Amino acid sequence: MKNQVRIIDDDIPLAQFAVAFNGASWTDPDSIALMVMQSMLGSWNKSAGGGKHMGSELAQRVGINEIAESMMAFNTNYKDTGLFGVYAVAKPDCLDDLAYAIMYEISKLSYRVSEADVTRARNQLKSSLLLHIDGTSPIAEDIGRQLLTYGRRIPFAELFARIDAVDASTVKRVANRFIFDQDLAIAAMGPIQSLPDYNWFRRRTYWLRY
């Protein structure tokens with residue numbers, strides 16, 4: 001299968017895998033919405049506190065059911081495309097349940113999105129962006145990256161206005177563009193014999209509702 005790489009290695013105690021969809025480029029108008037969606041899916045780590053009380057429903061599912069060691073949504077932008085998905089580390093006997101939780105929450109973005117979740121994700125994203133520029137070196141890096149990608153530095157007032165413009169209907173529209181019934185890529189390594197096959201993941205990029 002051309003869309004996946006799987007390396008079985010039973011000497012590694014934990015399985016690692018990533019599920020990714022085609023994302024947006026730096027200059028794509030929907031790149032901001034994907035950043036908000038990444039924040040909605042969130043991240044979780046077994047060693048960090050507050051797992052069962054996280055804002056992200058995916059993090060809550062993972063924490064309450066103890067089906068992963070860690071998970072993290074990612075959204076990577078390139079010049080003409082991007083990658084949007086989730087990376088996770090888990091014990092071999094948890095892979096089936098974890099894969100289901102991840103695909104359920106990703107696909108749900110196309111169907112059921114609450115304004116409260118979007119507001120929380122927007123605020124979390126803005127806080128994260130401000131926390132990342134807490135010194136001269138990060139600021140210089142941020143200026144350089146924006147000059148290379150946009151040709152100018154976007155003021156925070158403008159960036160935050162674009163983030164605040166993302167609402168539940170925007171998230172559903174963008175999810176329908178990038179996630180709903182779209183091909184995906186899978187990379188997995190470790191004791192991954194119980195990780196569902198590619199067609200199982202592909203089938204869960206949409207819901208059948210009667």
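The dialogue below goes through a helix, a core and one further residue.

Guide: Happy to! This is a predicted model, where local features need pLDDT of at least 70, side-chain atom pairs count only at pLDDT 80 or more, and totals for chains, interfaces and linings use all residues. Residues are numbered from 1 along each chain as its sequence is written, and side-chain values use heavy atoms, with hydrogens and water left out.

Visitor: How many residues of helix 1 are buried?

Guide: Buried means under 20% relative accessible area, exposed over 50%, and partly exposed in between (1.4 Å probe, protein chains only). Helices are DSSP runs (H or I, at least four residues), numbered from the N terminus. Helix 1, residues 31-41, has ten of its eleven residues buried, including I32, L34 and M37. After this helix comes G42, with a positive phi near 75 degrees.

Visitor: Which residues touch the most other members of the largest nonpolar core?

Guide: In soluble globular proteins, nonpolar side chains tend to be buried together. A nonpolar core is a set of buried Ala, Val, Leu, Ile, Met, Phe, Trp, Tyr and Cys residues joined through side-chain atoms within 4.5 Å. Here the largest has 57 residues, and F17, M37, L98, I179 and F201 touch the most other members. Helix 1 gives the most to this core, eight residues.

Visitor: Is D164 buried, exposed or partly exposed, and what is it in contact with?

Guide: D164 sits in helix 6 (residues 156-164). With a relative accessible area of 38%, D164 is partly exposed. Beyond its neighbours within four places in sequence, D164 is in contact (heavy atoms within 4.5 Å) with R122 and K126.

Conventions
Helices (H or I, at least four residues) and strands (E, at least two) are DSSP runs, numbered from the N terminus.
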